[in-house]
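Please consult the sequence and the structure alongside the text.

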Amino acid sequence: IGLVNMAVQCWLDSLKNAKKTALLQDGKRKVHYLFFDGKELAEEYDTKTDALIVRKWRVKNALGAHGPWETEVGETAPCTVAALDPELIKENSSNPLFMRKDTKTSFQWRIRNLPYPKDVYTVSVEPTERSCIVRTTNKKYYKKFSIPDLDRCQLPLDSSALSFAHANNTLIISYKKPKEILAMEQELQTELKKIKVTCDGDVDCKTQ
C-alpha cells in the first residue's frame with residue numbers, strides 16, 4: 001500500500017512541478033504541461049463540469065525533434081490521407097473505431113461499428129499483462145488495451161471494476177476509477193485552477 005501511494009504521489013508531484021500554461025477556448029480549459037525531460041502533455045477540460053475531454057502526449061526523438069501527438073483520451077484527428085481520399089473515408093467509416101472517453105467516476109472506452117449482440121462479447125482483465133481484452137465468440141473482433149493512468153500510478157487492475165454495455169452498434173466499456181485516482185484527480189483540479197488563464201483572443205482573463 002505504501003509503495004502504491006508513493007507512486008501516486010510521485011506522479012501527482014511531477015504534474016504539479018511541470019511548467020503549465022492554460023487557455024480558455026470554446027467552453028474548454030486547455031492545459032499544456034512541459035516536463036523536465038522535454039515530454040509534453042496537452043489536456044482539455046469542460047469548464048462547467050471539469051470533465052476530461054482530451055489528453056495527448058508528445059515526446060522528443062533522439063535528435064531532439066518533436067514527434068507526433070499521441071492521443072490517450074478523446075478522438076484522434078482523421079489522418080490527412082483519409083481526408084483526401086473518399087474511398088478511404090468510406091472504408092474507415094465501417095471499420096471498428098476505438099476511442100477513450102472518460103466520465104468523472106470511470107475510465108471509459110467506446111468501440112463503434114460493432115453490430116453484434118451483447119452476448120457475443122467478453123471483456124476481461126489480464127493482471128499479469130496489465131491490460132484489458134475484448135473478445136468475440138464469432139472471432140470477428142479482438143482488442144487488447146492498457147489503462148495508462150493505472151500504470152503511471154502502479155495501481156493493480158481489478159476485474160470487478162470492469163463492466164460493459166452495447167447500444168447503437170457501439171460497445172461501451174467502463175472501468176470504475178479507484179479511490180486513489182479520484183483523490184488525485186480532485187487534487188489536480190484544485191492545482192489547475194490556480195494557473196493564470198489566457199482567453200482566446202484576449203491577453204488574459206479571470207479564472208472561471
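## Basis of the model

This is a predicted model, in which local features need pLDDT of at least 70 and side-chain atom pairs count only at pLDDT 80 or more, while totals for chains, interfaces and linings use all residues. Residues are numbered from 1 along each chain as its sequence is written, and side-chain values use heavy atoms, with hydrogens and water left out.

Buried denotes under 20% relative accessible area, exposed over 50%, and partly exposed in between (1.4 Å probe, protein chains only).

Beyond neighbours within four places in sequence, the contacts of Tyr33 (heavy atoms within 4.5 Å) include Leu15, Leu41, Tyr45, Leu188 and Leu192.

## Asp50

Asp50 lies in the loop between β3 (40-46) and β4 (52-58); strands are DSSP runs (E, at least two residues), numbered from the N terminus. Asp50 counts as buried because its relative accessibility is 15%.

The side chains of Asp50 and Lys193 form a polar contact at 2.6 Å (a pair of N or O atoms within 3.5 Å; within protein, one must be able to donate a hydrogen and the other to accept it, and residues adjacent in sequence count only if both atoms are side-chain atoms). Leaving out residues up to four places away in sequence, Asp50 touches Arg29, Tyr45, Lys104, Gln189 and Lys193.

## Cysteines

The structure holds zero disulfides (pairs of cysteine sulfur atoms within 2.5 Å). The sulfur of Cys10 is too far for a bond, because the closest cysteine sulfur, in Cys153, is 9.4 Å away. Cys10 is exposed, at 53% relative accessible area, whereas Cys153 is buried, at 1%.

Technical notes:
Helix = DSSP H or I, 4+ residues; strand = E, 2+ residues; numbered from the N terminus.
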